[in-house]
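Thank you all for coming.

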Amino acid sequence: MAPFSPTIAAIRYGYGLAPDQILSRNRDDLLVQLVDAPLKESFFPIGGAFDARQRADDLAKGFEALKIAKKDAENDRAARQQLQRKAEQSFQRDSLARVLQATFSPYGFHERLAAFWFDHFSVNAHKSFPMRVITPLYEVEAIRPHLAGSFRDLLQAAVLHPAMLIYLDQAQSTGPQSAAAQNRKKGLNENLGRELIELHTMGAGSGYTQADVRSAALVLTGMTVDDHYEMLFRPRMAEPGEIKVLGVKYGGNPRSADDCLVMLDDLASRTETAQHICRKLVTHFISDDPPPDVVTAMVQEWKASDGHLAKVYAAMLDHPRAWQEPGAKMKLPFDYVVSGLRAFGITRKNWRERMSPDGDDSYTPFDTPTAAAAQQALKSSGEEMAPAMPGDAGQMAMDKPAASMKAVMPSDPAQLPKPKASLARTLTVAALRRMGQPVWQPPSPAGFEEGVASWLSPSQMSERILWARKAAGTLGKDMEPKKLLEVSLAEQARDDTIRVVGQAPNRVSGLTLALSSPEFNRR
Amino acid sequence: MAFSQDMILSRRSFLMTACCAAAVPVFSPVSFAAMPGENRFVTIVLRGAMDGLDLVQPYGDPAFAQFRPTLALKPDDGLIDLDGHFGLNPAADALMPMWQAKELAFVHAVSTPYRDQRSHFDGQDMLESGSQAVHGERTGWLNRALSAIPRSEDRKAIDINTSMELILSGPNEADVWASSSNMTMAADEVGFFKRLYANDAEFSRVLAEALRTDMAAEQLFQDEKRGQGIRDIAKLAGGMLREDYRIASFSVDGWDTHAGQKAQFARTVKDLTIALTTLKDALGPDVWKTTMVLAMTEFGRTVRENGTGGTDHGTGGVAILAGGGIQGGRVLGKWPELGEGKLLDDRDLMPTGDVREVAAAMLYRQFDVGSEALTNGIFPGLSFDRSSAYLKI
């Protein structure tokens, strides 16, 4: 049996320690999270998945109607902007809820895996306005329910979700010989076919060719989204006939959705895929330079269990190296912010009081009387508030939370709470944009950079110190600096850190130093 | 030299007074005065595979319009004629004053040695590491070049980003700073942080760099609002180069135009034009004369339009050169033509030049980096000699 450390379990495999946290006693406690967590409802999308589906459908109908209309340019522009604002507002609220989800959840390992897999199957909410609504749905529909089962199911759910089909342009890709391509100028788009092999399964340089990429894209043709932003297989768009990918034949006449499913299953089962993903998991959790024997043990388990992910994670946790040499990784900005909020004891019960003292109700993720009234007012008036962060949320300086706020007020302001840049937003979504990891907006289909070198840089350090100072000044009123170290780092706090923090001239400085310490930034 | 002696002296005295209270003097008067050369070099990485055929369109090639029924333009549709064969995408019209002043040139049909796989990530790795093969080098070529630049310790390099990009990563010292960063730390607080990081070598190094760079940025921006947009990035790069930095690098993203290329490409080209014009303004006329900008991308895009109004990953593309002292106003490179049988793998613009040779020529031109260093340590496997066509610029 491998050694076990509750502190490493919380820091390396979770979002850090919080006051009064119930510690994991063994690796089974971590794995049990994967069973328990899905039973709890997620804080996003706001109002639940059903509501978000409805929002997506409303947007689809709205945009569709505008396509047909084209009568009155002025009116159409206003209507389009209103739809866009609605999508943006929904996204702003879901983004905050996404950070709070990770902060509040007692299932840190499950949360970390959700973030890992979202990043592995990256989509970007800024691809289009509908994506502002569909991306949060993607995480709850495709990623979270499948992250502890068979990789095959996860792959299928992620790759064929409308969010992925839109993000990697699959929705428009048409077989050059298909019926749909005959009467209109339409054709193939290789984007998803390529990333499916290069990023999602086998990994770059694992032996496939450009011909395989193109063929995979041909097999995928027909997989598209319908007028409600739901996945749909349209045989008319599918490339007819037999298509060979990596030496295996798919398709025939007629083509069916099963061809894609079989290809995805085959890709999921390949050894290169097991190696690529196990290596990535170890790189994410343990070290930029993944110890090969941990990877090997996981790949063996992958083969033995036919890609059962919970068992693959168990193989990682069973390896002694999983519990050694803490501090080899840097927390990514999201993890830094979330673990910081946890260290201050921010919970579902107290967050509003501590982080949203001005009553930032227009962006509160949870139903409250005022928020519900605001929603009602929105529905009945058809009016809309501008997004809280116009354009670039990162413009906002940390120390001036309300400086750059502009809002277009609805026709009857009395009915709606005034949007303010709350502390909650300053310390979460706005900070993450400044730190280079905006919520649900990875820089490319490959996700965010993972290595220490990417996140241990001068401007990153500068942003984190600013964050620590702001958090210390606003959330730290009842927290002694040494206590914060004790709570958040336990035995990982080094003696010299404890000493320097203890010498700080005041509480805010001490807390800032504690949150800026190497061991709080590393894991 | 572009700087007049008076100018240097007045800036020196200004900095002496402005900096004396700082914990870490950024503008050391000695290193500033001892600067061996005034030349500057800026690399801009165009991430996502910039479609060179859309930016610099070969409208004189008869096959072009057939391959691109909706994307190809003619001078009659707004394409800006450059030389009777190539035309500039109208979205880049803000660059025309530079072109007319011969401060802008394009190199067509160039690529890295990367072939066949067409992955953005490996492609950018190759472009930034300067290697002959995927994962051939672990450090950036611009960083390795610092070792070969005579007295490079006096010439500082900076990467404008939230994290260091591969092109400037490596054993030699280079600073990285984001346009929005502003640390503001009192002298006593600096002392605490130094002690806090004393036993973590990496944190100590990064802190020292942060303090140094923050001071430099502070001088440039003072109380101005700082954003993360391309204008802010270019302004910071230009400002740093006007002072004692000699090398800068940043990125312009958003070139991966698989669908609906027309609108997306125009938007991203706009960013590029803002980057170049802002940089020129921020450098000021004298320093601009000593500056060479090289903008390059991981690979080009398919010659044929795809089925979704966009283009897919290709090979040959365009590199951009700009600077106040160049003999531009020309499209360089050997045009491979587009007709049947002329394309690479029947899909891509056939590369006729190595973008690393363009980069090597610029290092030679700006900093006297010798061909031995260029073909061994900096661009392993590159054949480069002093007769390179790209030096005649």
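Before I count anything, let me say what is being counted: helices, of type H or I with at least four residues, and strands, of type E with at least two, are runs assigned by DSSP and numbered from the N terminus. Counted in that way, chain A has 25 helices and 4 strands. Please keep in mind that this is a predicted model, and that the average pLDDT, the predictor's confidence, is 87 for chain A, with 86% of its residues scoring at least 70.

Where should we be careful? In chain A, residues 361-420 have a pLDDT that stays under 50, although the model still has 96 contacts for them beyond four places in sequence. Where pLDDT is low, the predicted coordinates should not be read in detail.

Looking at chain A as a whole, 53% of its 523 residues are buried, and of the contacts in chain A with a separation of 6 or more, 72% are between residues 24 or more positions apart.

Now to a pair of helices. In chain A, helix 4, which covers residues 73-104, packs against helix 19, residues 423-435, with an angle of about 80° and a distance of 10 Å between the axes. Since angles from 65 to 115 degrees count as roughly perpendicular, helix 4 of chain A is therefore described as roughly perpendicular to helix 19 of chain A. Which residues meet there? From helix 4 of chain A come A:Ser95, A:Leu96 and A:Val99, and from helix 19 of chain A come A:Ala424, A:Arg425, A:Thr428 and A:Val429. By class, the residues of this contact are 4 nonpolar, 2 polar and 1 charged.

Chain A also has a hairpin, made by strand 3 and strand 4 of chain A with 2 residues between them, and in its turn A:Leu246 has a positive phi of about 50°. Strand 3 of chain A, residues 241-245, and strand 4 of chain A, residues 248-252, run antiparallel and are joined by 5 bridges, and A:Ile243 has A:Tyr250 in strand 4 of chain A as its bridge partner.

Let us turn to where the chains touch. In this contact, 47 residues of chain A meet 46 residues of chain B. On the chain B side, helix 9 of chain B gives the most, with 8 residues, and the side of chain B that touches chain A divides into 16 nonpolar, 17 polar and 13 charged residues.

Within chain B, 3 strands form an open antiparallel sheet in the order 2-4-3. Strand 2 (56-57) and strand 3 (80-81) of chain B are at the edges with a single partner strand each, so one side of each has no neighbour in the sheet. Strand 2 of chain B is joined to strand 4 of chain B, residues 87-88, by 2 bridges, and B:Val56 has B:Leu88 as its bridge partner.

I will end with B:Val252, which lies in strand 8 of chain B, residues 245-252. Is B:Val252 buried or exposed? Because 23 C-beta neighbours lie inside 10 Å, B:Val252 counts as buried. Beyond four places in sequence, its contacts include B:Ile44, B:Leu46 and B:Ala275. In sequence B:Val252 and B:Ala275 are 23 residues apart, while in space, from C-alpha to C-alpha, they are 8.2 Å apart.

Technical notes
Residues are numbered from 1 along each chain as its sequence is written. Chains are lettered from A and ligands numbered from 1 in the order in which they are written. This is a predicted model: local features need pLDDT of at least 70, side-chain atom pairs count only at pLDDT 80 or more; totals for chains, interfaces and linings use all residues. pLDDT is the predictor's confidence in each residue, from 0 to 100. Two residues are in contact if their C-beta atoms, placed from the backbone, lie within 7 Å. Two strands pair if DSSP finds at least two bridges between them. Ala, Val, Leu, Ile, Met, Phe, Trp, Tyr, Cys and Pro count as nonpolar, Asp, Glu, Lys and Arg as charged, and the others, Gly among them, as polar. Axes are lines fitted to C-alpha atoms, for helices over the stretch in contact, and angles run from 0 to 180 degrees between N-to-C directions. Angles under 35 degrees count as roughly parallel, over 145 as roughly antiparallel, 65 to 115 as roughly perpendicular and the rest as oblique. A residue is buried if 20 or more other C-beta atoms lie within 10 Å of its own, exposed if 12 or fewer, and partly exposed in between; C-beta atoms are placed from the backbone.
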